[in-house]
Amino acid sequence: MTHDHDHDHDHRDGASAHEPHAPRQDHDDTLTYYRVMEIAVRELLVEKGILTADRIRRQVEDMDARTPARGAAVVARAWTDAGFRQRLLADGNAALEELGLDRGPYRLVVLENTPGEHNVVVCTLCSCYPRWLLGLPPDWYKSRAYRSRVVSEPRAVLREFGLSLPEAVTVRVHDSTADMRYLVVPRRPSGTQGWSEAQLAALVTRDAMIGVAEARAPA
């Protein structure tokens, strides 16, 4: 599935009465047209000798092995190196290469949370996500509930994740596209002065890099 949209949704209040609970999910596990097509194309490629089942398996294993630790390392470097942070915000893909990381097949736009602005990422049409940097997306990110509600009531959705932001903080919702992915650099927790990059990376969660949470506070 491809996107033909490229826009950000800017929500400055969006608060609504909503009883806190775990984010609602749906179950997109039906055998859809696109899943049937994927199976058919995969089996045809194997039958024609273009790919082997073993190669496909190894590619799936490689994808499964990718974790948010890669993104956390990028965030930790941005927290400790002002020059790198500026280059990361200017050109995310080039900055990844500085760290010896896969620059990925899509344009990477990096967003920085500040005391006055909080960014959150969604893909309203499907589940576009920086998999080469964060691994597989969580189920809730792909759910229809999240994809629709975070655009219309972002503060309510964030509260369901346990994140309540002051009204003075601007919430910006960024919609991923077929050729562009986002990474959020959360605010660095206080009390971490002098910490190593490895120590800081341990505070960076997948959800913080999507924007539905903040980085962990130091123990």
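Is Arg149 buried or exposed? Select Arg149: with 8% relative accessibility, this residue counts as buried. Buried stands for under 20% relative accessible area, exposed for over 50%, and partly exposed for the range in between (1.4 Å probe, protein chains only).

Some ground rules before the next stop. This is a predicted model, where local features need pLDDT of at least 70 and side-chain atom pairs count only at pLDDT 80 or more, while totals for chains, interfaces and linings use all residues. Residues are numbered from 1 along each chain as its sequence is written, and side-chain values use heavy atoms, with hydrogens and water left out.

**Whole chain**

Show the protein chain as a cartoon. Its secondary structure comes to 11 helices and 5 strands. These are DSSP runs, numbered from the N terminus: helices are H or I with at least four residues, strands are E with at least two. Of the 219 residues, 41% count as buried.

Switch to a surface. The protein chain exposes about 11,800 Å², by the Shrake-Rupley method with a 1.4 Å probe. Carbon and sulfur atoms supply 51% of that area.

Now turn to contacts (heavy atoms within 4.5 Å). Among those in the protein chain with a separation of 6 or more, 72% are accounted for by residues 24 or more positions apart.

**Around Arg149**

A salt bridge here is a side-chain nitrogen of Lys or Arg within 4 Å of a carboxyl oxygen of Asp or Glu. Glu153 counts as buried, at 16% relative accessibility.

Keep the three residues selected: salt bridges with shared partners join Arg149, Glu153 and Glu160 into one network.

Which residue forms a salt bridge with Arg85? Select Glu112: the closest N and O atoms of the pair are 3.3 Å apart. Arg85 belongs to helix α4 (residues 82-90) and Glu112 to strand β2 (residues 107-112), so the pair ties together parts 27 residues apart in sequence. Check the accessibility of each end. Arg85 is partly exposed, with a relative accessible area of 25%. Glu112 is partly exposed too, at 27%.
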